[in-house]
Amino acid sequence: MKLEQLIQVLGPNGSWKIKLKEDKRKLTVGRDDDRDIVLNDKNISRLHCVLEKGEGDYWWVSDNTSTNGTFLQRGEKQIDIKQEGSQRLYHGDVILIPSKSIEGQPTRWELVFEEIGEATEKVVQPSASSFSSDRLEYSLSQQILFRTQSGKRERIPLTQNEGKMIRYMLQQNQKNEGRAVMCDYESLFMAIWGDSDRDKTEVNRLAFELRKKFELDPQNPIFLETVWGDGYRLNVTVIK
């Protein structure tokens, strides 16, 4: 069975998806308007990196002697493509392209390689019959949050504090044999900021932003539930 291959682009100026056509053998990435993937960012090289389909129809990524370099994130491992050379892409790999914000702070573009299909489902998750068609998943090996709907998986980009909140709540669920457990405000303060002297509105604001990213109806959440007056409960499925 052929897999549907996608590149999900996540950057400071927005996000979008690109479907990789079967007859397409090469994709150029850079800031010039004639690139296949245009990153509208003056910190990105005109031709920054290249994706090419090689033997066996596998996709590879290589750096084009860019100014800031190109990196590959695979789980906890990060590979410097400019130094190590061309790398084959696997489902869930993230191509990282460093940049800077207007204020001069470090930021980056992320190009997430995805292969969607029956074969992918068998590798990365338990039998689909054990889940509803709409679910939130966290990959332990990749340390990435996914939203899956109707068999299609989409990576959820997280800020640093959002990631801390999700990981802490997931850890508490695991201590409870995988069942969702309520996390109170004080424990969330400590997990996110290392300081219990905080206002509830700070956690509420984080929860609001998270819900906008993965809830179908943020006003009626099913994944990140409010336990009124006490804290929050996270309904998430752990995958490999």
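Student: Which residues of α3 are buried?
Tutor: Before the list, some ground rules: this is a predicted model, where local features need pLDDT of at least 70, side-chain atom pairs count only at pLDDT 80 or more, and totals for chains, interfaces and linings use all residues. Residues are numbered from 1 along each chain as its sequence is written, and side-chain values use heavy atoms, with hydrogens and water left out. Buried means under 20% relative accessible area, exposed over 50%, and partly exposed in between (1.4 Å probe, protein chains only), while helices (H or I, at least four residues) and strands (E, at least two) are DSSP runs numbered from the N terminus. In α3 the buried residues are Glu162, Gly163, Met165, Ile166, Tyr168, Met169, Leu170, Gln172 and Asn173.

Student: How far does α3 reach from its first C-alpha to its last?
Tutor: The expected span of a helix is 1.5 Å times one less than its number of residues. For the 16 residues of α3 the expectation is 22 Å, and the helix comes close to that, reaching 23 Å.

Student: Within what arc do the buried residues of α5 fall?
Tutor: The buried residues of α5 are Val203, Leu206, Ala207, Leu210, Arg211 and Phe214. The arc is that of the directions from the helix axis to the C-beta atoms. Seen down the axis of α5, these residues line one face of the helix, because they fall within an arc of 135 degrees.

Student: How many residues does the largest nonpolar core have?
Tutor: A nonpolar core is a set of buried Ala, Val, Leu, Ile, Met, Phe, Trp, Tyr and Cys residues joined through side-chain atoms within 4.5 Å. Leu145, Met165, Met169, Leu188, Phe214, Leu224 and Tyr232 have the most contacts inside the largest one. At least two residues each come from β12 (134-139), α3 (160-175), α4 (185-193), α5 (200-214) and β17 (231-234).

Student: Is Ile81 buried or exposed?
Tutor: Ile81 lies in helix α1 (residues 81-84). Its contacts beyond four places in sequence include Val61, Asp63, Phe71 and Leu72, and Asp63 is 18 residues away in sequence but 6.1 Å away in space, C-alpha to C-alpha. Since its relative accessibility is 2%, Ile81 counts as buried.

Student: In what order do the strands of the open sheet lie?
Tutor: Two strands pair if DSSP finds at least two bridges between them. β3 (residues 26-30) and β5 (residues 49-53) pair in the antiparallel sense over 4 bridges, and β4 (37-38) and β9 (87-88) are the edge strands, each pairing on one side only. With mixed pairing overall, the 5 strands follow the order β4-β3-β5-β6-β9.

Student: Which residue in the hairpin of β16 and β17 takes a positive phi?
Tutor: β16 (residues 224-227) and β17 run antiparallel, joined by 4 bridges, with Leu224 opposite Leu234. The hairpin has 3 residues between its strands, and the positive phi, near 85 degrees, is taken by Gly229.

Conventions
Contact = heavy atoms within 4.5 Å.
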